[in-house]
Amino acid sequence: MSNSRYLESCPIGCTAALVPSDIVLSEGALLYCQECGQLISQCGVERYWQSMQEFDDPRGTLPTADSGERRSRQNRKRLGKILLLLEKPAQEISLLDVGCSSGAFLSTAAALGFRAQGVEPAAKAAQSAIQTGLRVHIGTLHEARFPAQHFDAVTLFEVIEHIKDTITLLNECHRIMRPGGVLMIGTGNTDSWTAAFMKSRWRYFQINHHGGHVSFFNPYSLRLLAARAGFTLEAVETRNVHFYEKGDVAPALYRTAKIVTELLNFPAQLLGKGQDMLAVLRPG
Ligand SMILES: [Zn+2]
């Protein structure tokens with residue numbers, strides 16, 4: 001049991017064979033689904049749960065004040081998008097953030113007037129959200145047993161790359177959403193210039209840097225996932241290019257690469273080659 005792989009088949013529900021890719025990590029090569037292009041970690045069950053625990057931190061996923069401010073700006077933008085899509089005031093929008101961690105997105109939503117609540121299985125992170133007055137259920141989405149057609153908006157940020165049975169998760173999102181609602185998903189993009197250039201050096205792939213990252217999407221696998229769970233993928237946008245980690249290469253090379261990647265950010269956005277994907281799904 002302990003040596004078995006956490007992910008034994010394509011989390012999008014494909015039946016095609018999984019073959020080794022040229023991205024080789026300490027757990028072995030990422031496996032490539034020949035049907036949807038999903039990349040899948042060979043990490044074992046035990047290592048998976050251990051790495052998920054390492055990252056259950058009461059501070060959630062906000063390491064510095066600088067990235068905190070960037071995150072908060074990004075959250076306001078995403079909430080603005082939800083307002084535009086639903087065409088009603090925040091006070092009338094019932095929102096659920098699945099995998100809310102210590103509640104950074106939820107607190108921005110609450111400040112803007114959304115009727116927001118979250119669900120989070122990592123107990124320490126969830127507790128710290130609750131302590132700040134946010135409404136958070138500790139446990140998985142299924143365990144929260146929300147009523148059917150309850151939410152106008154459901155968000156899944158940095159969640160689906162951790163999940164084994166993504167279809168079941170999306171089916172549950174579909175059940176609790178009102179018709180005409182919005183499901184917003186944020187995850188990494190393996191079809192990005194960052195992934196193509198950095199391969200196994202991309203920290204996004206590394207379980208030691210990102211606890212529990214085991215399932216890696218591209219725009220096509222995301223579209224297939226949406227369709228198989230009864231959603232229509234309305235839009236996917238990608239952004240950001242990143243070639244080196246600070247400290248991994250000489251400072252001069254790092255600075256040069258930073259300038260190059262900043263120039264590539266805009267074309268990457270246009271061509272769907274950015275490393276961060278944001279998708280809007282509607283129950284179809
Ligand atoms: Zn697949």
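In the predicted model, Ala252 is exposed, with 8 other C-beta atoms within 10 Å. The residue belongs to helix α9, which comprises residues 251-271. Between Ala252 and Phe197 there are 55 residues of sequence separation and a C-alpha to C-alpha distance of 19 Å.

The chain contains nine helices and 11 strands. Its radius of gyration of 18 Å is close to the 19 Å that the globule rule gives for 284 residues, so the chain is as compact as a globular protein of that length. The C-alpha trace spans about 50 × 45 × 35 Å along its principal axes. Buried residues make up 42% of the 284 in the chain. Among contacts with a separation of 6 or more, 70% join residues 24 or more positions apart.

An open sheet of four strands is arranged in the order β1-β2-β3-β9, with antiparallel pairing. Strands β1 (18-25) and β9 stand at its edges and have a single partner strand each, so one side of each is left without a neighbour in the sheet. Five bridges connect β1 to β2 (residues 28-33) in the antiparallel sense, and Leu25 stands opposite Gly28 in β2. These two strands, β1 and β2, form a hairpin with two residues between them. A further hairpin is formed by β2 and β3, here with five residues between the strands. Gly37, in the turn of this hairpin, has a positive phi of about 80°. The antiparallel pairing of β2 with β3 comprises two bridges, and the bridge partner of Tyr32 in β3 is Leu39. Strand β3 (residues 39-40) is in turn joined to β9 by two bridges, again in the antiparallel sense; here Ile40 has Ser215 as its bridge partner.

The largest nonpolar core has 72 residues, of which Ile40, Leu95, Val154 and Leu183 touch the most other members. In general, nonpolar side chains tend to be buried together in soluble globular proteins. With residues up to four places away in sequence not counted, Ile40 touches Leu7, Cys10, Leu18, Leu30, Leu31, Cys33, Val214 and Ser215.

Parallel pairing is found around strand β4 (residues 94-98). Four of the five residues of β4 are buried, so the strand is largely enclosed by the rest of the structure. Strand β4 runs parallel to β5 (residues 115-120), to which five bridges join it, and Val98 stands opposite Val119 in β5. Together with helix α3 (residues 104-111), β4 and β5 make a right-handed β-α-β unit. Strand β4 is also joined to β7 by four bridges in the parallel sense, with Leu95 opposite Ala153 in β7.

In helix α1 (residues 45-54) the buried residues are Arg47, Tyr48 and Ser51. Viewed down the axis of α1, these fall within an arc of 105°, so they line one face of the helix. Helix α6 (residues 166-176) has Thr166, Leu169, Leu170, Cys173 and Ile176 buried. These cover an arc of only 125° around the axis, which puts them on the same side of α6. An α-helix has 3.6 residues a turn, so residues three or four places apart point the same way. The elements against which the buried residues of α6 pack are α5, β7, β8 (177-188), β9, α8 (219-228) and β10 (231-239).

Most residues other than glycine have a negative phi. Gln149, however, has a positive phi, near 50°. This residue lies in the loop between α5 (141-144) and β7 (151-157) and is partly exposed, with 14 other C-beta atoms within 10 Å. Lys199 likewise has a positive phi, near 45°. The loop that holds Lys199 lies between α7 (193-198) and β9 (215-216). Lys199 counts as partly exposed, with 15 C-beta neighbours inside 10 Å.

Methods: Residues numbered from 1 in each chain as written. Buried ≥ 20, exposed ≤ 12 C-beta atoms within 10 Å, placed from the backbone. Core = buried A, V, L, I, M, F, W, Y, C linked by C-beta atoms within 7 Å. Contact = placed C-beta atoms within 7 Å. Arc of directions from axis to C-beta. Rg over C-alpha atoms; globule rule 2.2 N^0.38 Å. Pairing = 2+ DSSP bridges. Right-handed = clockwise from strand over helix to strand, strands pointing away.
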